[in-house]
Structure formats: structure tokens, C-alpha cells
Amino acid sequence: MTFIARQEVFICEHCGASVDLLINGSYRNHCPKCLYSKHVDEAGPGDRKSLCLGLMKPIRIDQHAKKGWMIVHQCLLCQKEMRNRTAPDDEIVGFMQRESERIAKGIPPA
Ligand SMILES: [Zn+2]
Ligand SMILES: [Zn+2]
């Protein structure tokens, strides 16, 4: 099996940022700015077996004992939830601020 390393870039379908898919040699599947992802994986991160391709919304941040901060994504099309590792340049703080403002104002999740 040959592994071909390629630099992939995608345009975030939610906020329009251009996102490098490879960071520090590991694969990323979500936008560092708005943390939205796309439903491309079915059983686990990186398998790309899903045919859904729905936009996945970050619904909360969890802390995992071994893996650190995890983003929990929910697919807007099929409602599937997936956990993803965060990347060093993810704007987690911005997400948490937006979430806490939303909760403080009593606005339901969009
Ligand atoms: Zn984005
Ligand atoms: Zn889906």
C-alpha cells in the first residue's frame, strides 16, 4: 500500500474560510474558525465512508482524559454525533464565548 501525502485545502461551507486539511502531520476534518465539520466519516475519524456529506455543527466541547479537548459535532442532515480531536489552531475559546453568550441570552441552539 502506498501512502501519498497530499496537501488538501477545503473551503468551509459555513463561514467561507479556506482550511488546510493537514496540520502537524495529522488529518483535520473541521474548520478552525467556526469549528463546523462535514459528515464524511462513518465509523471513525478519517475513514471517509459516509455518503451523507451533511454539514456538521459543533454542539459542545468535551474534555477527554487522554485525548484532551474534543469537539462534539452533530450532522445537520442525519443527526449523527461524532467526536473529534481539536487542532492547536482551533478557535475553541471563541466557540465557548459564543455559546456562553447564547445561553446567557436564552437563545436556543441555531
Ligand atoms: Zn468555518
Ligand atoms: Zn450525516
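Where does Ile-92 lie? Ile-92 lies in helix 1. Before going further: this is a predicted model, in which local features need pLDDT of at least 70 and side-chain atom pairs count only at pLDDT 80 or more, while totals for chains, interfaces and linings use all residues. Residues are numbered from 1 along each chain as its sequence is written, and chains are lettered from A and ligands numbered from 1 in the order in which they are written.

On terms, helices (H or I, at least four residues) and strands (E, at least two) are DSSP runs, numbered from the N terminus. By that count the chain has one helix and eight strands, and along the sequence the pattern reads β-β-β-β-β-β-β-β-α.

Back to Ile-92. A residue is called buried if 20 or more other C-beta atoms lie within 10 Å of its own, exposed if 12 or fewer, and partly exposed in between, with C-beta atoms placed from the backbone. Ile-92 counts as partly exposed because it has 16 C-beta neighbours inside 10 Å. For contacts, the C-beta atoms, again placed from the backbone, must lie within 7 Å. Setting aside residues up to four places away in sequence, Ile-92 touches Ile-61, Trp-69 and Thr-86. Leu-76 is 16 residues from Ile-92 along the chain, and their C-alpha atoms are separated by 20 Å.

Now the helix itself. How far apart are the end C-alpha atoms of helix 1? They are 20 Å apart, which agrees with the 20 Å that the 14 residues of helix 1 (residues 92-105) should span at 1.5 Å a residue; the expected span is 1.5 Å times one less than the number of residues. Just after helix 1, Gly-106 has a positive phi of about 70 degrees.

Next, the sheet. Two strands pair if DSSP finds at least two bridges between them. Four strands make an open sheet in the order 5-6-7-8, with antiparallel pairing. Its edges are strand 5 and strand 8 (81-85), each of which pairs on one side only.

Taking the pairs in turn, strand 5 (residues 37-38) and strand 6 (residues 55-64) are antiparallel over two bridges, and Ser-37 has Met-56 as its bridge partner in strand 6. Strand 6 and strand 7 (residues 68-75) also run antiparallel, joined by eight bridges. Within that pair, Ile-61 is opposite Ile-71, and the two strands form a hairpin with three residues between them.

Strand 7 and strand 8 are joined by five bridges and run antiparallel. Gln-74 has Glu-81 as its bridge partner in strand 8, and Ile-71 is opposite Asn-84. These two strands form a hairpin with five residues between them, and Gln-79 in the turn takes a positive phi of about 70 degrees.

Which residues of strand 8 are on the covered face, and which on the uncovered one? Met-82 and Asn-84 are on the covered face, while Glu-81, Arg-83 and Arg-85 are on the uncovered one. As background, side chains in a regular strand alternate between the two faces of the sheet.

Two loop residues next. Leu-35 is in the loop between strand 4 (26-27) and strand 5, and its phi is near 70 degrees, positive in a residue other than glycine. Leu-35 is buried because 26 other C-beta atoms lie within 10 Å. Beyond its neighbours within four places in sequence, Leu-35 contacts His-30, Pro-58, Ile-71, Asp-90 and Phe-95.

Arg-48 is in the loop between strand 5 and strand 6, with phi near 55 degrees, again positive in a residue other than glycine. Arg-48 counts as exposed because it has 10 C-beta neighbours inside 10 Å.

That leaves the core and the whole chain. A nonpolar core here is a set of buried Ala, Val, Leu, Ile, Met, Phe, Trp, Tyr and Cys residues joined through C-beta atoms within 7 Å. The largest has seven residues: Val-19, Cys-31, Leu-35, Tyr-36, Met-56, Ile-71 and Met-82.

Of the 110 residues of the chain, 15% count as buried. Among contacts between residues at least 6 apart in sequence, 26% join residues at least 24 apart. The C-alpha atoms fill a box of roughly 50 × 30 × 30 Å along the principal axes.

How values were computed:
Contact = placed C-beta atoms within 7 Å.
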